[in-house]
Amino acid sequence: MQKHVIDPKSVPGWGIDADPQNDPTYPMKPNRTDVEQQGYTWERPTQQPADVEVLHSIERPNLSAVFGTASPPVGLSGMIRRWAFRWSENEYNHWLPLILADRVNVVEGIIEDIAHGKFPNIWKEKGYNASWKHDRTGLVLRLAAFTAVAGGLVLWLSADGGKKKAKRQKHYRGAYYEE
Amino acid sequence: MLAMDYRGPKRVRAVQKPMPEIKHPEDAIVKVTRSCICGSDLHLYNGNVPDTRVGTTFGHEFIGEVVEVGSEVTKLKVGDMVLVPFNIACGRCSFCQQGLFGNCHESNPMATAVGGIFGYSHTAGGFHGGQAEYVRVPYANFGPTVIPEGMDPDDAVLLTDVVPTGYQAAEMAGIQPGDTVVVFGAGPVGIMAARCAWLFGAGRVIVLDHVDYRLEFVKHYAPAEVYNFKTDMQDPVLFLKKQTDWLGADCVIDAVGAEAAGDVLQTITGRKLLVQAGSATAVHWAINSVKKGGIVSIVGVYGPTDNLVPIGNVLNKGLTLRANQASVKRLLPRLIEHVQNGVIRPKELITHRIPLEEVADGYRLFSDKLDNCIKPVLVMDSAR
């Protein structure tokens, strides 16, 4: 722990933007106007044409004058997103499906890569070159832990599968003998 | 053109993408020369922001040269070097008219709670960002600002977000001369908030984080008293009470947001299981460590759903919560002045320069705080 007392007046620029009016009663809107009282009446900028599918919040009546056209909704993730946009931003039915759609979209991305004859370079995409250079031990430990968990899971599932298979065979044998 | 490409949580790459096009008469196309990776990009990188679609380019802190303008652009011309505020604002809606340029109503159809932001998911408008060789910039008559003659490009690129966000954090804290200001988080925005707290007349500035090299940096840069909440104390709130005559700090700034460490329950529910909109540890501590009647200023970014915060204490202590995305365009004139006069020295925050081709390594470096990284900037081929 370090106590490091600083004389405020020794700090360059101390107090040059001090504003005694800025207390909790002071409005944060720098320009107080009544324009919001007039509702959605301002002169709108030219509307950008929608040349791709754009989902918009149902908490507004229209598209904003400009919008992004990155990654329009496609595939299964797109279907989930379209469903999510039937609900307002106030609803979990809006946000939780969007998170699900994001995860589905990741799988779609991998399939798309493979369909284009390109297998994703996970090592490079995860930036492991940087980890290898600056935190080799941490990376090795992380990968070892992942391998151990994944390997353990595979072993457990295969052992469990074996047990189930044996149980099934026993059941069939029992059925045969009973006949 | 070469551009960053999001493929899923903690997976990004640089790929060739089509050149951006003018989609609206007030658009400009900017050839990017520098583009930072921001702490809030890590929320996207970690997959914590809903509607972050595969194939999107991130990046909301960038500068560059105007190479094309739409038919209604009158205030910029081809060849201008511009810094582009991270928020996209029309300048005409009722929110923009009140100076709330981070809350524009004409730049994001996908959500009404936030205005458009470059490269920040479809929840923030679905725009491709500036971690690319070229980017489409809407409302070019209003947002982009010509970089003043002689200004260092490294200073200019940090004026697009880090400096205004840190400054507005201090502004929203309502600092009165002599106040004790606590800043949670010693990332680039926390560092800048601590520095700017002095400009508003703070009497004492305390920064808490758990990364020693960042605390060491802010200790000299701001300057500030610094403490590591993992090694210097058991309970940050109790510690801060003891540091402030048992009353609490006058103003507390949350400059951390959704990726906060320090509380197991918050970390598991907010960062691992995603059952809340990120880990709310910093804002939780802020509410509990500010004095009665004090102000909590929030610039740390959280997701759009819910968080576990002690709202009952906000009521019982009579607190004021102030929060917003920085209104960059409003603050720029004053901040340019501060940079030109040497009052704020943004470029000192930049620790790493990374070619766009190695963007994945940049994200990993920043996310895992490797190699004493404070602020990485992607430098495009044309600017090297």
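The dialogue below walks through a predicted model, feature by feature.

Q: Where should I start with a predicted model, and what is the mean pLDDT of chain A?
A: Start with confidence. Chain A has a mean pLDDT of 87. In that chain, 82% of the residues reach 70 or more.

Q: Which helix of chain A has the lowest confidence, and which the highest?
A: Look at the elements one by one. Helix α5 of chain A, residues 136-178, is lowest, at a mean of 77. Helix α1 of chain A, residues 75-84, is highest, at 98.

Q: Now the chain contact. How many residues does each chain give?
A: Count both sides. Chain A brings 83 residues and chain B brings 90.

Q: What area is buried between chain A and chain B, and what share comes from carbon and sulfur atoms?
A: Read the area together with its atom make-up. About 7400 Å² is buried between the two chains. Carbon and sulfur atoms give 54% of that area. On the chain A side, D17(A), W42(A) and E125(A) lose the most area to chain B. Together these three account for 9% of what that side buries.

Q: How many polar links are there between chain A and chain B?
A: Take salt bridges and polar contacts as separate counts. Between chain A and chain B there are 9 salt bridges. The polar contacts come to 46 residue pairs, both residues at pLDDT 80 or more.

Q: Which elements give two or more residues to the side of chain A that touches chain B?
A: Three helices of chain A do: α2 (92-115), α3 (122-125) and α4 (128-134). The largest share comes from α2(A), with 12 residues. By residue type, this side of chain A divides into 38 nonpolar, 22 polar and 23 charged.

Q: Why would charged side chains pair at all?
A: Side chains of opposite charge can pair when their charged atoms come close. Now take the case here. R13(B) and E125(A) form a salt bridge, at 2.7 Å from N to O. This pair crosses between chains: R13(B) sits in strand β2 (residues 11-16) of chain B, and E125(A) sits in helix α3 of chain A. R13(B) also meets D113(A) in a salt bridge, at 2.9 Å from N to O. Over all chains, the structure holds 29 salt bridges.

Q: Turn to chain B. What are the bounds of its domains?
A: Check whether a domain is written as one segment or several. The assignment gives domain 1 of chain B as 2-160 + 327-383. Domain 2 of chain B is 162-323. Their centres, taken over C-alpha atoms, are 25 Å apart.

Q: How many residues are in contact between domain 1 and domain 2 of chain B?
A: Read this as you read the chain contact. In domain 1 of chain B, 32 residues touch 25 residues of domain 2. The buried area is about 2500 Å², and carbon and sulfur atoms give 66% of it. Within domain 1, H43(B), L349(B) and I374(B) lose the most area to domain 2. Together they make up 22% of what that side buries.

Q: Which side chains form the salt bridge across this domain interface?
A: The rule finds 1 salt bridge across the interface. E171(B) and R330(B) meet in a salt bridge, at 2.9 Å from N to O. On the domain 1 side, α1 (41-45) and α11 (328-340) of chain B each give two or more residues. The most comes from α11(B), with 6 residues. The residues of that side divide into 16 nonpolar, 9 polar and 7 charged.

How values were computed:
Residues are numbered from 1 along each chain as its sequence is written. Chains are lettered from A and ligands numbered from 1 in the order in which they are written. Side-chain values use heavy atoms; hydrogens and water are left out. Domain bounds come from an automatic or database domain assignment. Contact means heavy atoms within 4.5 Å. Buried area is the accessible area (1.4 Å probe) that two parts lose on being put together, summed over both. A salt bridge is a side-chain nitrogen of Lys or Arg within 4 Å of a carboxyl oxygen of Asp or Glu. Helices (H or I, at least four residues) and strands (E, at least two) are DSSP runs, numbered from the N terminus. Ala, Val, Leu, Ile, Met, Phe, Trp, Tyr, Cys and Pro count as nonpolar, Asp, Glu, Lys and Arg as charged, and the others, Gly among them, as polar. A polar contact is a pair of N or O atoms within 3.5 Å; within protein, one must be able to donate a hydrogen and the other to accept it, and residues adjacent in sequence count only if both atoms are side-chain atoms. pLDDT is the predictor's confidence in each residue, from 0 to 100.
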